[in-house]
Structure formats: structure tokens, C-alpha cells
Amino acid sequence: MSANRLFLQPPLAVGFARLGFGSLPLERLKSRYGNAAQGSRYVEIDGFNVHYRDEGSRDKPALVLIHGVVASLHTWDGWVQAFAPHYRIIRFDVPGFGLTGPARDGVYSVERMMDVLGQLLDYLQVDKAHVAGNSLGGYIAWNFALAQPQRVGKLVLIDPAGYPMHKVPWMIAAAALPGATVAMPMWMPRALIAQGIKEVYGEPGRIKPGVVDRYYDLSRRPGNRRGMMDIFRVLLKVNKEELHTTPERVALIKVPTLLMWGDRDRWISPKHVPLWQRDLPGIQAKVYPGVGHIPMEEIPEQSAADAMRFLLG
């Protein structure tokens, strides 16, 4: 049964839902994807009601997991079981996505996201942690390591953003189209989300039941679609104006770093791997044949094992 059918609605509302119109009630989304029995908690930080989970062994080193665009903390589900005996695992929905949702003032920047991360660690009384990030989450992770190196042990960067993308993913590029800021927040069909998920997997057959429903449902959290468009425009601006400084900034990273990449990544090209190796000598790199943009979700057991060896080494 589709997750959407669990949200009991009048027939007309269900019809509009199937066509991709409108939002889903926040409390119902929290009940399904962010309830206390699942370990979900919430804290107010900088105008966001941040959805996070604090799992694993409290007396072990902390490991922070940061997801990418359109995703949520659930993308790391496959890593939690492997890491829980060895780490205190902290994961959260990045502002603008998941159950954390959009900025009340409509203002987004990587600096603001890094500040939310820092304040969350302060709230949880974590002075230092290993940090793993995917895509946008990887960009947040390595920039956080530059801004606050004393708080980061090791970095695990999974298909991270950072170097200029000559071909921007269509979902992000669409934010620059005329009328997108009006149309896409109102209407984003499930088929569009499903297509995006197929593109970030190297082998679509690895997509587990319920994954498309989860992505689609959380995209319909009130305010998320408009927030996504705002964030995509910020990313387009950063890609155009700021990423030319990446080589010199990457060279300043001082913490041990593992780079993980799927060789079928259609969103951020694996051609970026040699750039990281050029600018950060000593970086460890692992490339996965047949895998796409989100190895921690597509091949969780293998990617978790590789990250574990690096962190424990």
C-alpha cells in the first residue's frame, strides 16, 4: 500500500494528491516519518524546528550524517545498524527539506546551514565529531571542517558538491525557468520525484519499497517545495559565482578525509574525483562501479563498511 493512502483524506483531496497538487498535513507526516518511537526529536534553531535523531552509543565518539537535496535523514537508515555499536550517531533534516522544513524568513545559505549544524551540536553538548555528508550535505560538511576544524575529527564525503558543475541536474536547473517559483511549489507529481530517484541510483532495481513514497510525501511537507526552489536558486548562484575558489579552499582542509563516489553518478560527475585528489593530497578515495549519486542508500552495507574502516583506522 502506498504511504499516501495512510493519510486519510476526502476523495477530492486524494484525487488532487495523486496529481501532485497541494501539501500533506505536517502532523500526519510527523506521525509516519518522524515520531518519538522512531527516535525522532525536534529543537528550535534559528527559526527552524529541526528534526533530528540521536542514536547509538552515547559513550562513543559522535558521528554526524548530513543528507543532500530533496532527501532527509532517512537516507542514512542503512548505515545506522552498522555504526550504532561504535558511535553516537546524529542525523538531521537539513533546513528546507524533510520534516525540518523551510525557512520562515525565506533566507537560505550554506553559512546558515553550517550554523544550524553548529548550534545542534551545541544543544547536544557535542564538542567534536566525525562528519559524513552526501551531495549538498558533503558541501556543508567540508565547509564546516574549514570553518570549525577543532570540531571535526574525520570527514567522509560521499559524491560531494564543491567543484563547478558544467551540467547542473535538471531538477535544480528547473528553478531558473520562468514561472518555476509559482508552478513547482503548487504542483510536483509523484512521477517527477520517482524519475529523480531513478537518476540518483546507478541501478534503479536497488530502490527499496516505500522509498519513492517517502521522498514524495516529504516533498509535500507544507512549505518544502517553495523552500526547495529557493535553495536550488542559491545553489545555481553558488555554482556560477563561487565554486571557482574550490581548489584553494579544498587545499586548506586539515582533517583526514575519505572520498566515496558512484561511477554512475548522473548528478555530480565522478570526474570530480581527480580534482579532489589533486587539491587534497593524501585524501583516500573509493569509487563504486555501477553505483549512482547516493551510495549510502543504494549500497548501504558496502559503503558503511568502507567508511567504518576509515573512521576506526
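**View 1. The lining of the second largest pocket.** By class, seven nonpolar, four polar and five charged residues make up the lining of the second largest pocket, where Ala, Val, Leu, Ile, Met, Phe, Trp, Tyr, Cys and Pro count as nonpolar, Asp, Glu, Lys and Arg as charged, and the others, Gly among them, as polar. The second largest pocket has a volume of about 250 Å³. Of the 16 residues that line the second largest pocket, H74, D77, K208, V211 and R214 are the closest to its centre. At least two lining residues come from each of helix 3 (77-83), helix 9 (211-219) and helix 13 (295-298); helices (H or I, at least four residues) and strands (E, at least two) are DSSP runs, numbered from the N terminus. A pocket is found on a 1 Å grid over the protein atoms alone, as an open set of points where a 1.4 Å probe fits, with protein on both sides within 12 Å along at least five of seven lines, and its lining residues have an atom within 4 Å of a point. Grid points are joined across faces, edges and corners, and a volume is the space filled by probe spheres set on the points.

The model is a predicted one, in which local features need pLDDT of at least 70 and side-chain atom pairs count only at pLDDT 80 or more, while totals for chains, interfaces and linings use all residues. Residues are numbered from 1 along each chain as its sequence is written, and side-chain values use heavy atoms, with hydrogens and water left out.

**View 2. The largest pocket.** The largest pocket holds about 290 Å³ of space. Its lining consists of 16 residues, and M165, H166, K167, W267 and S269 lie nearest its centre. Ten residues of this lining are nonpolar, three are polar and three are charged.

View 3. R233 and D230 form a salt bridge in which the closest N and O atoms are 2.3 Å apart, a salt bridge being a side-chain nitrogen of Lys or Arg within 4 Å of a carboxyl oxygen of Asp or Glu. Both residues lie in helix 10 (residues 224-241), three residues apart, about one turn of the helix. R233 is partly exposed at a relative accessible area of 31%, whereas D230 is buried at 18%; buried means under 20% relative accessible area, exposed over 50% and partly exposed in between (1.4 Å probe, protein chains only). K237 forms a salt bridge with E241, with 2.9 Å between the closest N and O atoms, and these two residues of helix 10 are four residues apart, about one helical turn. An α-helix has 3.6 residues a turn, so residues three or four places apart point the same way. K237 is partly exposed at 44% relative accessibility, and E241 is partly exposed at 41%.

**View 4. The salt bridge of D279 and R278.** The side chains of D279 and R278 meet in a salt bridge, at 2.8 Å from N to O. D279 counts as buried at 12% relative accessibility, while R278 counts as partly exposed at 49%.

**View 5. The surroundings of A71.** A71 lies in the loop between strand 3 (62-66) and helix 3, and it is buried, with 8% relative accessibility. Leaving aside residues up to four places away in sequence, A71 touches F97, G98 and Y215, contact meaning heavy atoms within 4.5 Å. The C-alpha atoms of A71 and R112 are separated by 18 Å, the two residues being 41 residues apart along the chain. R112 is linked with D46 and D105 in a network of salt bridges.
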